[in-house]
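Biologist: I am new to this structure and would like to learn how to read its features one at a time. Could we begin with whatever I need to know in order to follow a hairpin?

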Amino acid sequence: MGERLSTVIVGGGPAGMVAGLLLARAGVRVTVLEKHRDFLRDFRGDTVHPSTLDLFRQIGLLDELLALPHARFDTATLDLLGRRYTIATLRHLPVAAPYIAMMPQWDLLDFIARQARRYPTFDLRMTTEAVAPVLDAAGRVAGVSLASGEALPARLVIAADGRRSVLREAAGLPREDLGAPMDVLWFRVPMPEGGAPADVPLGSIGRRGMVVAIPRTGYWQCARIIEKDGFPAIAARGIDAFRADVVALAPGLAAGIDAIAGFDDVKLLSVALDRLTLWSRPGLLAIGDAAHAMSPVGGVGINLAVQDAVAAANVLAAPLARGDDPDPLLPRVQARRWTPTVRMQAIQRIAHDRVILPVLRGEVDHVPFAVKLLDRVPLLRRIPGRILGLGFGREHVESPLAGAGR
């Protein structure tokens with residue numbers, strides 16, 4: 001293992017970029033590979049939860065991050081069968097920013113890239129696609145092969161290339177599919193100009209389905225929950241029927257719904273819920289969606305991915321900076337993150353079975369007692385708020401700071 005080789009991170013999403021920042025901050029030579037020319041891809045997860053915001057506070061970047069345009073969300077409301085319920089609050093959380101910051105993911109990733117470039121050991125290569133791991137004579141992962149035909153050697157490869165990770169498949173890491181009953185159609189609905197936006201709850205559930213509306217600056221980022229593989233049938237009914245279904249569920253969106261001119265304005269997310277049962281092999285570690293694809297329920301995917309990145313840096317940064325062999329340490333990352341991942345996925349599966357499936361089957365005919373109780377007892381709303389905002393097994397930055405950067 002050559003000491004001069006970089007740690008190579010495949011994937012410039014939140015997991016890969018945060019891992020790259022923290023490793024470079026510790027003095028590790030790190031190269032992040034991103035196959036696209038920029039980060040401008042719409043309808044990626046745009047929710048930055050309090051647990052993630054607090055990690056930026058720990059490394060002194062929270063104020064700069066919050067200077068970026070964003071909206072803030074600290075209370076979850078739900079319209080269910082025609083009545084409004086308040087079901088969660090984050091205002092009580094013991095962190096500097098007790099709310100979810102909603103900002104375009106490209107702004108977040110550009111921000112992280114700017115901060116990481118302050119460190120001379122950080123290298124971000126755009127339009128650079130890794131297609132397979134490179135193995136040495138002993139079968140250890142020793143780098144990656146690129147779409148260009150080049151082979152890039154590495155001391156360690158971190159697969160952060162998402163739920164369709166080519167590296168985890170090529171490396172033969174075993175995956176458990178937990179199943180998902182739905183897909184999601186994402187779209188934007190503009191807020192009215194020159195006045196207060198309409199009163200639109202976070203979630204609207206009726207006998208004809210479910211719509212989620214996340215308030216952003218000047219628009220709602222909306223999601224229509226549909227049956228798995230059900231998009232062709234919806235498209236066959238036409239865009240007018242789609243718009244009418246959305247407004248029937250969330251009337252407050254009516255003023256801006258015509259902005260959806262056609263299905264080109266609608267993005268299909270094929271929902272997956274799975275996890276690797278083994279996150280590493282010698283020379284390779286998977287984190288984020290490459291290790292565990294999360295359902296969009298709760299919008300927690302980004303934040304679990306970032307927590308993985310912090311755990312990886314906590315375990316690996318100092319040894320990598322010293323030139324130590326990382327292989328014996330790789331299972332420790334999975335050990336730290338396994339229980340939080342399993343617990344959050346268990347909650348998502350419960351939501352699938354008890355909320356999403358009945359909605360999709362048109363079986364919603366009453367308001368669950370738990371929803372009524374949360375609405376009537378404000379103190380109880382702190383429980384789902386804490387799970388949503390901080391999750392399980394919250395990480396803290398323990399990786400060292402080698403210098404002040406450039």
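Modeller: We start with a definition: two strands pair if DSSP finds at least two bridges between them. Please also keep in mind that this is a predicted model.

Biologist: With that in hand, how many residues lie between β10 and β11 in their hairpin, and which residue in the turn has a positive phi?

Modeller: The hairpin of β10 and β11 has 4 residues between the strands, and G149 in the turn has a positive phi of about 100°. The two strands, with β11 covering residues 151–153, run antiparallel and are joined over 3 bridges, and S145 has A151 in β11 as its bridge partner.

Biologist: Which strand pairs with β9, and in what sense?

Modeller: Strand β9 (residues 130–135) pairs with β10 (residues 141–146) in the antiparallel sense, over 5 bridges. A130 finds its bridge partner in β10 at L146, and in this hairpin, where 5 residues stand between the strands, G139 takes a positive phi near 85°.

Biologist: How should I read a whole sheet, and in what order do the strands of the sheet with 6 strands stand?

Modeller: As a general idea, side chains in a regular strand alternate between the two faces of the sheet. In this structure, 6 strands make an open sheet in the order β8-β2-β1-β12-β21-β20, with mixed pairing. Each of β8 (122–125) and β20 (280–281) has a single partner strand and stands at an edge, so one side of each has no neighbour in the sheet. Inside that order, β1 (residues 7–10) and β2 (residues 30–33) pair in the parallel sense over 4 bridges, with V10 standing opposite L33 in β2.

Biologist: Which helix lies across β1 and β2?

Modeller: Helix α1 (residues 14–25) does, and it also lies across β8 and β12 (156–159), while running at about 165° to β2.

Biologist: What follows β2 in the chain, and where is K35 placed?

Modeller: K35 belongs to the loop between β2 and β3 (47–48). Once its neighbours within four places in sequence are left aside, K35 is in contact with T127, T128 and E129. The C-alpha atoms of K35 and V131 are separated by 10.0 Å, although these residues are 96 residues apart along the chain.

Biologist: What is the strand order in the sheet with 7 strands, and why is one side of β6 left without a neighbour?

Modeller: The order is β6-β5-β15-β16-β17-β14-β18, in an open sheet with mixed pairing. β6 (83–89) and β18 are the edge strands, each with a single partner strand, so one side of each is without a neighbour in the sheet. Direction ignored, neighbouring strands here are turned by 25° against each other on average. Within the sheet, 6 bridges join the antiparallel strands β16 (residues 209–215) and β17 (residues 219–227), and P215 stands opposite W220 in β17. Helix α9 packs on this sheet, where it touches β14 (182–190), β15 (203–206), β16 and β17, and its direction makes about 85° with that of β17.

Biologist: How do I read two packed helices, and at what angle do α8 and α9 pack?

Modeller: In general, two packed helices are described by the angle between their axes and the distance between the axes. Helix α8 (residues 301–322) and helix α9 (residues 330–360) pack at an angle of about 155°, with their axes 9 Å apart. Angles over 145 degrees count as roughly antiparallel, and α8 and α9 are therefore described in that way. The crossing of α8 past α9 is right-handed, and the residues that meet include L304 and Q307 in α8 and L330 and R332 in α9.

Biologist: Which way, left-handed or right-handed, does α2 pass α8?

Modeller: α2 passes α8 in a left-handed crossing. Helix α2 (residues 50–58) packs with α8 at an angle of about 35°, their axes being 9 Å apart. S51, T52 and L55 in α2 meet N303, V306, Q307 and V310 in α8.

Biologist: Finally, how many aromatic pairs are found in the whole structure?

Modeller: The search finds 4 aromatic pairs. One of them joins F231 and F263, whose ring centres are 5.6 Å apart and whose planes stand at 80°, so the pair is edge-to-face. This pair links distant parts of the chain, 32 residues apart, with F231 in helix α6 (residues 231–237) and F263 in the loop between α7 (239–249) and β18 (267–269). Ring pairs also link F187, F231, F242 and F263 into a cluster. Elsewhere, the charged end of R188 sits over the ring of Y219, 4.2 Å from the ring's centre.

Methods. Residues numbered from 1 in each chain as written. Predicted model: local features only at pLDDT ≥ 70, side-chain atom pairs only at ≥ 80, totals over all residues. Heavy atoms only, no water. Contact = heavy atoms within 4.5 Å. Axes fitted to C-alpha atoms, helices over the stretch in contact; angles between N-to-C directions. Phe/Tyr/Trp six-rings, centres within 6.5 Å; stacked < 30°, edge-to-face > 60°. Lys NZ or Arg CZ within 6 Å of the ring centre and 35° of its normal. Parallel < 35°, antiparallel > 145°, perpendicular 65-115°, else oblique. Left-handed = near helix turned anticlockwise from the far one by under 90°.
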